[in-house]
Amino acid sequence: MSLKPRAVNFEEVWGDLVETVQQVVTMGSIKRSVWNTRFSDVYSLCVAFPEPLAERLYTETKKLLENHVRQLYFEVEEQSEENLLAEYHRFWIQFSKGTQYLNHLYSYLNSQHIQKQKFSDADLTYGSMQMDMSEQLLEIGELGLEIWQREMIRPLQKRLVGVLLMGIQQDRTATATDAPTSTIRGVIHSFVDVNMYKKKSTLQLYESIFEGALLRETGSFYRKEASALLQDCNVSQYMECVIARLAEEELRATKFLPPSSHQRVVKEVQDRMVADHLATVHAETGSMVSAERTRDLSNMYTLLRPVPNGLTVLVHHVKDHIKQQGLQAVTSLKGDNIPAQFVESLLEVHKKYRTMIMDVFHNDQQFVGALDKAFESVVNHRGNTKVVCRSPELLARYCDTLLKKSTKGLNESEVDDKLGHSITIFKYIDDKDVFQKFYARMLAKRLIQQQSQSMDSEEAMINKLKQACGYEYTSKLHRMFTDMSVSSDLNQKFNEFLKSKGKTHELGINFSINVLQAGAWPLGQTSITPFAVPQELEKSVQTFETFYHSHFSGRKLTWLHHLCQGELKVSHSKRTYLITMSTFQMAMLLMFEKVDSLTCNELQTHTHLNDEQFNKFLQSLLDSKLLMTDGEELRGETVVRLNTDYSNKRTKFKISVAPQREQQHEAEQTHSAVEEDRKLYLQAAIVRIMKARKLLKHTMLIQEVISQSRARFAPQIPMIKKCIEQGSVVGLQDEEWASVAYQAEKIHLFALIPLSLDYALSSTQFSVIPRESKTCAQLATVFVKNLISSTQSTSF
Amino acid sequence: MSNDVEIQEGEAENNTSDSQKPEKMFTLKKWNAVAMWSWDVECDTCAICRVQVMDACLRCQGENKQDDCVVIWGECNHSFHNCCMSLWVKQNNRCPLCQQEWSVQRVGK
């Protein structure tokens with residue numbers, strides 16, 4: 001067969017074609033050979049000579065399809081409601097398949113004749129407004145579906161939708177459905193598929209005739225359902241029902257509807273059953289949270305999460321509840337070891353709610369945030385505003401007990417675990433600087449008295465703090481560590497030095513020393529007292545000083561005798577004891593070598609100790625029963641005797657000085673030291689900010705200071721204000737800058753004024769002007785005005 | 001007051017035999033001393049950078065070289081951070097405090 005165009009008798013060829021087309025659209029059987037020839041028929045009609053007959057072929061086919069669909073419509077239309085869907089569905093399947101084949105059969109017509117005059121994608125996207133879509137020729141497949149939509153769906157639309165909704169309703173109430181699921185689904189999808197050739201808005205028909213109605217229907221069904229359920233069950237049961245309903249409805253959506261609708265249907269149910277009854281659910285939230293009914297809370301979370309702002313009330317209640325629980329756990333602590341009780345009970349509460357948030361609220365950020373907020377307020381809680389918050393101190397003491405040598409028998413990994421957990425609490429502390437001060441003091445004590453359980457744990461803890469707060473926060477702690485290792489090095493070298501010098505330099509005692517760097521160690525200055533070094537130690541002191549000065553230059557050593565400790569072999573009674581004690585105690589005992597009794601006066605003159613220290617250490621010896629007096633009171637002439645009947649069942653022990661009283665004292669000292677540091681920190685922050693900003697509103701300056709210092713402590717606003725005011729007078733006078741307040745147009749502005757300008761003006765024009773004087777303020781005003789006009793900032 | 005009692009009871013017998021010798025009543029066995037070192041300076045702050053000489057100068061603090069920041073003394077006995085002074089003498093070879101010609105007396109170690 002030739003492909004050359006030739007004259008064709010349309011009627012003749014069409015006559016053959018019609019038969020096949022009818023077979024195709026009804027899915028009848030066609031012989032392969034016939035099917036094959038029909039392709040060439042379509043081709044020959046399209047390329048017919050002298051005139052191509054494509055247009056005629058198109059109109060005839062269209063007419064044919066229209067007639068066919070109309071005929072089908074009459075058949076469907078006659079059906080009763082029960083059979084309507086089934087019949088429609090049967091014809092739809094048949095017809096949609098048929099047109100697909102037909103589309104193939106006409107592919108030459110489609111590609112050569114129709115696509116040429118069809119609008120391109122670009123036309124559709126950019127210029128389709130003026131084009132008349134109905135005039136357009138359609139590909140045969142699309143044409144078929146278009147006709148189906150026009151001749152079948154449109155006239156039947158009302159009835160079809162009615163029956164479909166009925167079917168879905170029946171499915172909801174679980175009564176037997178008239179039509180099987182697949183039919184309902186098929187019919188619904190036919191609304192979508194009928195537009196499958198369209199390039200855009202394929203869902204338009206479906207959405208306009210069916211989805212809207214379905215959502216309305218769904219809404220009203222669940223509105224009734226919700227109020228019925230609320231009539232006879234409580235919120236807890238109600239939530240269970242709603243969750244079940246939602247799951248069912250989601251399943252139903254996947255069963256019947258195209259994917260685009262799933263979300264919408266579920267949302268409709270949520271709106272009707274949850275969002276509309278938010279108040280009812282919220283009313284129960286408080287009691288559910290305080291009773292910690294996890295299942296209900298989990299349900300509530302599931303239901304409220306998709307609702308905008310639905311969770312706010314729940315989050316709020318959870319926060320309050322955790323806060324309350326936390327406070328309950330820590331406010332009424334009594335008895336021994338309060339630091340451990342405090343930290344461990346806080347951690348317990350934290351862990352409990354952490355797991356609860358994980359299990360019940362799926363680690364939702366809002367709840368994690370609520371936990372953090374709640375804990376922040378628990379940890380930083382103060383009974384009243386007058387007292388300081390004890391948490392930083394308690395936490396530091398807790399760490400101290402963990403890191404100290406003890407008999408508790410925790411192994412290293414347990415200690416590390418506990419320290420790791422304490423970081424959790426540490427992160428909530430506002431006054432991190434207070435913690436730092438306490439921690440540093442206790443660390444110093446541990447290091448000097450060699451009480452650390454393990455250096456690895458110590459270092460690990462410092463690294464944890466560094467991670468949480470940055471390098472600067474722990475730099476002093478690190479310096480203390482460095483001193484320790486430098487000292488052990490030094491001891492080794494000193495011993496070698498002694499060996500090399502031979503017998504003449506033998507010290508006669510086992511000597512070791514820690515040399516600390518001044519400024520790096522938080523050692524209180526209060527315990528420093530004049531002291532005469534006992535003869536037995538003089539040689540050691542001198543030898544070491546010579547050694548040290550030969551080793552370093554430009555340094556001076558100060559002996560901290562109140563921190564030194566010695567071991568004394570005591571054999572004045574029946575047994576011999578090895579007693580560890582402080583140097584002061586040692587000095588006093590050594591005086592009894594030759595005599596059995598001495599007066600207080602003699603003791604004190606000899607040792608040169610000041611009254612406070614003398615009484616403290618003498619009392620400790622009396623308490624240890626090594627020495628004794630006749631009276632209770634210690635006066636100058638009181639005679640102190642050596643207790644020759646002394647006995648102790650241990651032969652190696654340690655005498656220490658009352659720690660309790662010192663603790664209280666230490667805490668006060670630490671807090672006042674912190675206060676001083678804060679002032680400096682705030683002033684530094686003010687200068688930093690002002691150097692960068694040049695000009696700032698008073699309130700903005702305060703805001704910035706707060707945000708800069710938040711990592712260390714929560715500054716009190718009056719304190720900041722005081723620092724700002726003082727800035728111009730005291731703290732910053734030595735600096736290059738001085739700050740001056742300036743009142744312009746009712747806005748309190750702040751600027752730093754270069755001191756050089758101030759000096760220059762005052763030295764040339766005026767003789768010596770006190771900085772606070774009026775003239776100076778005027779100069780400042782001029783400067784600030786210039787600054788304002790030069791910055792030209794609109795924000796002021 | 002508390003007697004912190006710890007460890008080892010068994011030594012008692014051995015020690016009684018020791019004490020029969022004519023021996024001193026109190027013998028010092030061991031001394032763990034603690035001392036503090038500081039630069040031997042007249043003024044605690046470095047006049048150039050205004051930081052305490054015991055702390056590193058700002059430059060070294062910023063570059064995290066605290067351990068290397070030592071003190072230098074001039075013949076006039078005035079002292080500064082070594083790093084501060086080495087920058088200073090590039091501009092002006094006089095002591096910032098007394099204006100005498102700067103010459104190094106010693107460097108801290």
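Visitor: Which residue is the bridge partner of A:T580 in β8(A)?
Guide: A:K654 is the bridge partner of A:T580. One caveat: this is a predicted model.
Visitor: How do β4(A) and β8(A) run, parallel or antiparallel?
Guide: Parallel, with 3 bridges joining β4(A) to β8 (residues 652–655) of chain A.
Visitor: And how many bridges join β3(A) to β4(A)?
Guide: 6 bridges, and that pair runs antiparallel. A:Q565 stands opposite A:S582 of β4(A). The two strands make a hairpin, with 6 residues between them.
Visitor: How many residues of β4(A) are buried?
Guide: 6 of its 6, across residues 577–582.
Visitor: Which residues sit on each side?
Guide: A:Y577, A:I579 and A:M581 are on one side, with A:L578, A:T580 and A:S582 on the other. Both faces are covered. In a regular strand, side chains alternate between the two faces of the sheet.
Visitor: New topic. What is the strand order in the open sheet of 3 strands?
Guide: β5-β7-β6 in chain A, with antiparallel pairing. β5 (597–599) and β6 (627–629) of chain A are at the edges; each has a single partner strand, so one side of each lacks a neighbour in the sheet. From one strand to the next, the twist averages 30°.
Visitor: What joins β6(A) to β7(A)?
Guide: 3 bridges, with β7 of chain A spanning residues 639–642. Within that pairing, A:T629 has A:V640 as its bridge partner in β7(A).
Visitor: Which helix packs on that sheet?
Guide: α25 (residues 611–623) of chain A, which touches β6 and β7 of chain A. The direction of α25 makes about 100° with that of β6(A).

Technical notes. Residues numbered from 1 in each chain as written. Chains lettered and ligands numbered in written order. Predicted model: local features only at pLDDT ≥ 70, side-chain atom pairs only at ≥ 80, totals over all residues. Heavy atoms only, no water. Pairing = 2+ DSSP bridges. Helix = DSSP H or I, 4+ residues; strand = E, 2+ residues; numbered from the N terminus. Axes fitted to C-alpha atoms, helices over the stretch in contact; angles between N-to-C directions. Contact = heavy atoms within 4.5 Å. Buried < 20%, exposed > 50% of the residue type's maximum accessible area, 1.4 Å probe, protein only.
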